[in-house]
Amino acid sequence: MKRGKNCKGLSVVVGYILLVVFVIIISAIVFQWLKTYIPAQSLECPDGVSVIINEADFNEESRTLSLTLTNNGRFNISGYFINIKNNPQQEIPTTNIANSLNEEESNARIYRDSAVLFSSAPEFENRFGQGESTTHFFNIQNNIGTPLSLRIIPLRVQEYNEKIKIVSCGSAVSEKEIFIQEREEGEEENLRRREEG
Amino acid sequence: MEKEIYKKGISPVVATVLLIAIVIIIGLIIFLWFRGFTQESITKFGKNVEIVCQDVGFEADYSGGILSVSNIGNVPIYSMKLKISEQGRERTFDVAQEIAEWPGSGLRAGSGFSGNIEELSEEPIEITLTPVLLGISSDGGEKSYVCNEKQYGKEVL
């Protein structure tokens with residue numbers, strides 16, 4: 001049958017082109033919006049990380065806090081955050097004392113003014129092994145007051161998106177009340193006389 | 001006898017090119033117009049900030065007028081939305097703006113904060129804290145985002 005002379009309509013080819021272009025545009029809009037919702041791997045510690053505080057002693061005279069830790073978990077760790085409580089009304093220790101670390105005596109180093117790493121070596125490694133113990137010393141400044149309790153959050157070095165990251169293990173927080181070694185009576189009297197004089 | 005029909009018109013090739021050009025232009029207009037309806041996406045660490053809210057971890061306490069917060073997660077907390085319910089009213093504050101002790105760069109991982117909030121409320125009945133994160137908006141600038149209170153907010157009193 002011959003095609004009529006007065007046929008009107010859009011060419012089928014043009015129609016296809018229009019459809020394909022609209023689909024591509026709408027796909028681009030939806031993709032742009034949705035791609036940020038793709039969940040990526042989270043930065044978190046493995047279960048089984050654990051550090052216990054064996055001893056936490058504060059000497060009022062020398063204002064030195066000595067802290068003995070043991071890794072009783074299943075993974076090595078690289079360091080820890082340390083916060084103290086110096087106000088009896090507070091429940092949560094919030095004052096970070098990493099900067100007070102005596103690096104030489106502790107054979108450890110301060111990281112970014114907020115964390116303590118177990119090794120004085122510059123490389124980031126999980127050096128504190130399972131079953132190991134160590135003692136660190138902190139020189140507490142007078143303006144911080146008397147530490148009453150402390151809390152540590154272990155840290156691990158892990159690879160994330162092909163980069164080395166230091167990960168906070170919030171699920172392995174450890175707290176302990178600080179034992180305060182008070183000054184002897186004579187020392188208290190000497191200090192009072194010096195302050196009055 | 002066949003009638004001679006004198007047809008006028010443009011070449012089919014030119015017509016096709018014109019049609020395609022018009023479709024692309026209309027498509028661009030629709031794309032730019034529709035983009036205004038979608039919520040601006042704020043990203044942090046390459047992910048949508050709403051997903052990053054799931055990774056935030058913090059502990060908080062209120063005692064004797066002192067609010068204490070400790071960041072035990074790996075996401076820095078830019079600020080906190082503090083909602084205080086008192087007798088007959090409810091008020092909301094931005095901790096970073098209202099409390100001087102809040103660190104200017106936010107609460108980094110492992111950090112803590114404590115500040116007196118008695119000036120804001122003397123007799124609170126209920127206090128809820130919701131983390132506020134700082135992300136990057138689609139135009140490249142920094143923008144804050146308040147996490148969903150029902151999912152990520154914590155009652156400290």
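## Close-up views of a predicted two-chain model

**Figure 1. In β11 of chain A, A:Phe179 is the residue opposite A:Asp57.** Strand β1 (residues 51-59) of chain A runs parallel to β11(A), and three bridges join the two. Helices (H or I, at least four residues) and strands (E, at least two) are DSSP runs, numbered from the N terminus. The structure is a predicted model, in which local features need pLDDT of at least 70 and side-chain atom pairs count only at pLDDT 80 or more, while totals for chains, interfaces and linings use all residues. Residues are numbered from 1 along each chain as its sequence is written, chains are lettered from A and ligands numbered from 1 in the order in which they are written, and side-chain values use heavy atoms, with hydrogens and water left out.

**Figure 2. An open sheet of chain A has four strands in the order β7-β2-β1-β11, with mixed pairing.** Two strands count as paired if DSSP finds at least two bridges between them. The edges are held by β7 (133-139) and β11 (179-181) of chain A; each has a single partner strand, so one side of each lacks a neighbour in the sheet. On average, neighbouring strands of this sheet are turned by 20° against each other, direction ignored (axes are lines fitted to C-alpha atoms, and angles run from 0 to 180 degrees between N-to-C directions). Chain A as a whole comes to three helices and 11 strands, in the sequence pattern α-β-β-β-β-α-β-β-β-β-β-β-β-α.

**Figure 3. A salt bridge between B:Glu59 and A:Arg151 spans 2.5 Å from N to O.** B:Glu59 lies in strand β3 (residues 58-63) of chain B and A:Arg151 in strand β8 (residues 149-160) of chain A, so the pair joins two chains. A salt bridge is a side-chain nitrogen of Lys or Arg within 4 Å of a carboxyl oxygen of Asp or Glu. A:Arg151 is buried at 2% relative accessibility, whereas B:Glu59 is partly exposed at 27%. Buried means under 20% relative accessible area, exposed over 50%, and partly exposed in between (1.4 Å probe, protein chains only). A:Glu175 is linked with A:Arg151 and B:Glu59 in a network of salt bridges.

**Figure 4. Salt bridges also occur within each chain, including A:Glu125 with A:Arg127 and B:Arg89 with B:Glu86.** In chain A, the closest N and O atoms of A:Glu125 and A:Arg127 are 3.5 Å apart. A:Glu125 is partly exposed at 41% relative accessible area, and A:Arg127 is partly exposed at 36%. In chain B, the pair of B:Arg89 and B:Glu86 meets at 2.9 Å, N to O. B:Arg89 is partly exposed at 46%, but B:Glu86 is buried at 14%. Over all chains, the structure holds seven salt bridges.

**Figure 5. The disulfide of A:Cys45 and A:Cys169 places their sulfur atoms 1.8 Å apart.** A disulfide is a pair of cysteine sulfur atoms within 2.5 Å. The torsion about this S-S bond is about -50°, so the disulfide is left-handed. A:Cys45 is in the loop between α1 (12-34) and β1 of chain A, and A:Cys169 is 124 residues away in the loop between β9 (163-168) and β10 (174-177). Both A:Cys45 and A:Cys169 are buried.

**Figure 6. Chain B contains a disulfide between B:Cys53 and B:Cys147, with sulfur atoms 2.0 Å apart.** A torsion of about -85° about the S-S bond makes this disulfide left-handed. B:Cys53 lies in the loop between α2 (49-52) and β3 of chain B, and B:Cys147 in the loop between β9 (142-146) and α4 (149-152), so the pair ties together parts 94 residues apart in sequence. B:Cys53 is buried at 1% relative accessible area, and B:Cys147 is buried at 3%. Over all chains, the search finds two disulfides.
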